[in-house]
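Please look over the sequence and the model below before reading on. The paragraphs that follow go through it part by part.

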Amino acid sequence: MSEKELGQKWDRCLADCAIKVGTGLGLGIVFSVVFFKRRTSPIAFGTGLGLGMAYSNCQNDLRSHYVLHSNVAKEP
């Protein structure tokens, strides 16, 4: 794996982590306010869930050597 490919994988991992943690945090805040009388446990749970999913995706992405990611779909 070249340095460029590794850099692209790390960039995808960080972007995925930011999206998943942000979404988990946001949903945790909404659930905390609406259903749990402003307790902090749903916020921590949502953030941890997002972080765990991002970690799992990054681990799978960094372990795969032969998966090609492209932005353009080719027609047959």
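V21 is partly exposed, because its relative accessible area is 21%; the cut-offs are under 20% for buried and over 50% for exposed, with partly exposed in between (1.4 Å probe, protein chains only). The model is a predicted one, in which local features need pLDDT of at least 70 and side-chain atom pairs count only at pLDDT 80 or more, while totals for chains, interfaces and linings use all residues. Residues are numbered from 1 along each chain as its sequence is written, and side-chain values use heavy atoms, with hydrogens and water left out.

V21 is found in helix α1; helices here are DSSP runs of H or I with at least four residues, strands are runs of E with at least two, and both are numbered from the N terminus. Leaving aside neighbours within four places in sequence, V21 is in contact with T47, G50 and L51, where contact means heavy atoms within 4.5 Å. V21 and A54 are separated by 33 residues in sequence, and their C-alpha atoms are 7.8 Å apart in space.

Helix α1 itself runs over residues 3–34. Its 32 residues should span 46 Å at 1.5 Å a residue, and this agrees with the model because the end C-alpha atoms are 46 Å apart. The expected span is 1.5 Å times one less than the number of residues. Which residues of α1 are buried? They are K9, C13, D16, G24, G28 and S32. What covers these buried residues includes α2, residues 41–63.

D16 counts as buried because its relative accessibility is 19%. Apart from neighbours within four places in sequence, D16 is in contact with A54 and N57. The side chains of D16 and N57 are joined by a polar contact of 3.2 Å. A polar contact is a pair of N or O atoms within 3.5 Å; within protein, one must be able to donate a hydrogen and the other to accept it, and residues adjacent in sequence count only if both atoms are side-chain atoms. The side chain of D16 also makes a polar contact of 2.8 Å with the side chain of K20.

The D16 and K20 side chains also meet in a salt bridge, at 2.8 Å from N to O. The term covers a side-chain nitrogen of Lys or Arg within 4 Å of a carboxyl oxygen of Asp or Glu. Both residues lie in helix α1, 4 residues apart, about one turn of the helix. An α-helix has 3.6 residues a turn, so residues three or four places apart point the same way. K20 is partly exposed, because its relative accessibility is 22%.

How many salt bridges are there by this rule? The count comes to 2. R12 forms a salt bridge with D61, and the closest N and O atoms are 3.4 Å apart. This pair links distant parts of the chain, with R12 in helix α1 and D61 in helix α2, 49 residues apart. R12 is partly exposed, because its relative accessible area is 31%, whereas D61 counts as buried because its relative accessibility is 12%.

Next comes an annotated stretch of the sequence. The unreviewed UniProt entry places a "transmembrane region" at residues 18–36; UniProt positions are given in the numbering used here, feature names are shortened, and annotations may be inferred rather than shown by experiment. In the model, residues 18–36 are 89% helix and 0% strand, and their end C-alpha atoms lie 25 Å apart.

The structure holds 1 aromatic pair. The rings of F31 and F35 have centres 5.3 Å apart and planes at 45°, so the pair is tilted. Rings of Phe, Tyr and Trp (its six-membered ring) pair if their centres lie within 6.5 Å; planes under 30 degrees apart count as stacked, over 60 as edge-to-face and the rest as tilted. F31 is partly exposed because its relative accessibility is 39%, while F35 is exposed because its relative accessible area is 58%.

The loop between α1 and α2 contains K37 and R38. K37 has a positive phi of about 55° although it is not a glycine. R38, also a residue other than glycine, has a positive phi near 60°. K37 counts as exposed because its relative accessibility is 73%, and R38 is exposed because its relative accessible area is 66%.
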